[in-house]
Amino acid sequence: MATPPVAPSQAAAGGNFEAPPPPAMQPPGTDMTGICFRDQLWLNTYPLDRNLIFDYFALSPFYDWTCNNEKLRMQSIHPLDISQLSKMTGIEYMLSEVMEPHLFIIRKQKRDSAEKVTPMLAYYILDGSIYQAPQLCNVFAARVGRALYFISKAFTTAASKLEKIGYVDTENESETSEPKGGKEAIDFKEVKRVDHILASLQRKLPPAPPPPPFPDGFVPPTTEAEKEPENQQTAEPQPPAVDPIIDQGPAKRMKF
């Protein structure tokens with residue numbers, strides 16, 4: 001089990017004047033998702049397994065020295081001993097998932113009793129590099145923000161394309177019809193593309209509901225188009241029209 005980092009004053013007293021100062025401790029609850037910790041010297045000396053991974057995590061600025069795990073370490077007890085942690089209350093770290101030697105997930109939680117714990121943060125150690133996992137609300141906010149950006153960009157692009165349809169350049173009215181014909185051909189392609197998109201969206205929509213029935217005793221008004229068949233039946237039959245091209249009698253052959 002690795003020993004905790006030595007303070008600068010203790011290192012100077014021992015004669016090690018070239019030891020760099022440790023990183024500044026962040027207050028609990030600080031968002032540190034933008035930083036990463038890695039101690040290559042420790043990784044070259046000790047293996048990454050479930051027995052020593054917590055000692056490596058304790059070297060990082062993500063570690064809270066007031067946690068219950070540190071109290072167990074001072075008593076020469078393994079800091080991840082669940083039988084001892086369940087008897088205490090306060091902040092503690094728990095090894096959640098392990099995929100030796102590449103991935104370790106450590107969960108920070110608050111213990112109120114032996115059965116009641118409240119998760120707070122999560123950290124993952126990937127190939128020796130320690131990161132703070134972002135909270136779920138931040139992940140959703142980032143995904144929604146990215147989706148809104150691409151939707152806004154798509155609408156901007158569509159608006160710029162639609163502005164070209166029906167655009168009249170008054171300054172180039174005196175030009176030849178060849179460039180105008182090319183511009184009209186591009187505009188027609190855009191119109192067909194928009195019509196195709198609208199038709200595909202219309203096919204995905206559910207069919208329209210049927211109209212409500214008429215109340216009892218209501219007689220719908222008849223239109224002129226509905227009256228035409230009745231008028232055609234009552235009217236006298238008329239002879240069919242003669243086609244001036246077909247009904248011209250027998251064809252006459254030319255005499256030579």
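Predicted model: local features only at pLDDT ≥ 70, side-chain atom pairs only at ≥ 80, totals over all residues.
I checked where they sit. E100 is in the loop between β1 and β2, R50 is in the loop between α2 (40-45) and α3 (53-57), and the pair links distant parts of the chain, 50 residues apart. Then I looked at cover: E100 is partly exposed at a relative accessible area of 42%, and R50 is partly exposed at 43%.

How many salt bridges does a search of the whole structure find? I got 4.

Why are R73 and E70 separated by about one helical turn? I note that they are 3 residues apart in helix α4, so that is the spacing. For burial I used the cut-off of under 20% relative accessible area. R73 comes in at 11%, so I log it as buried; E70 has 9%, so I log it as buried too. Putting the pieces together, I have D55, E70 and R73 linked in a network of salt bridges.

**Aromatic rings**

I counted ring pairs and got 15 aromatic pairs. I opened W42 and Y46: their ring centres are 5.1 Å apart and their planes are at 40°, so the pair is tilted. Buried or exposed, what is W42? W42 is buried, with a relative accessible area of 7%, while Y46 counts as partly exposed at 36%.

I then looked at F57 and Y63. Their ring centres are 6.2 Å apart with planes at 85°, so I have the pair down as edge-to-face. F57 and Y63 are both buried. They also belong to one aromatic cluster, which I list as F54, F57, F62, Y63, W65, Y93 and Y123.

**The sheet**

I moved on to the strands. The 4 strands form an open sheet in the order β1-β2-β3-β4, with antiparallel pairing. At the edges I find β1 (90-99) and β4 (129-132), each pairing on one side only. The twist averages 25° from one strand to the next.

For the pairings, I see 9 bridges joining β2 (residues 103-111) to β3 (residues 117-126), and 4 bridges between β3 and β4. I followed I125 across the sheet: it is the bridge partner of F104, and it stands opposite I130 in β4. The hairpin of β3 and β4 has 2 residues between the strands, and there I noted that D127 takes a positive phi near 55°.

**Whole chain and surface**

From the N terminus on, the elements run α-α-α-α-α-β-β-β-β-α-α-α. Of the 256 residues, 20% count as buried.

Last stop was the surface. Which residues make the nonpolar surface patch of about 430 Å²? I find V144, L148, I151 and F155.

Definitions and conventions. Residues numbered from 1 in each chain as written. Heavy atoms only, no water. Pairing = 2+ DSSP bridges. Axes fitted to C-alpha atoms, helices over the stretch in contact; angles between N-to-C directions. Patch = residues over 30% accessible without salt bridge, like charges linked within 9 Å, V, L, I, M, F, W, Y side chains within 5 Å. Areas by Shrake-Rupley, 256 points an atom, 1.4 Å probe, with all protein chains shown as cover. Salt bridge = Lys/Arg side-chain N within 4 Å of Asp/Glu carboxyl O. Phe/Tyr/Trp six-rings, centres within 6.5 Å; stacked < 30°, edge-to-face > 60°. Buried < 20%, exposed > 50% of the residue type's maximum accessible area, 1.4 Å probe, protein only.
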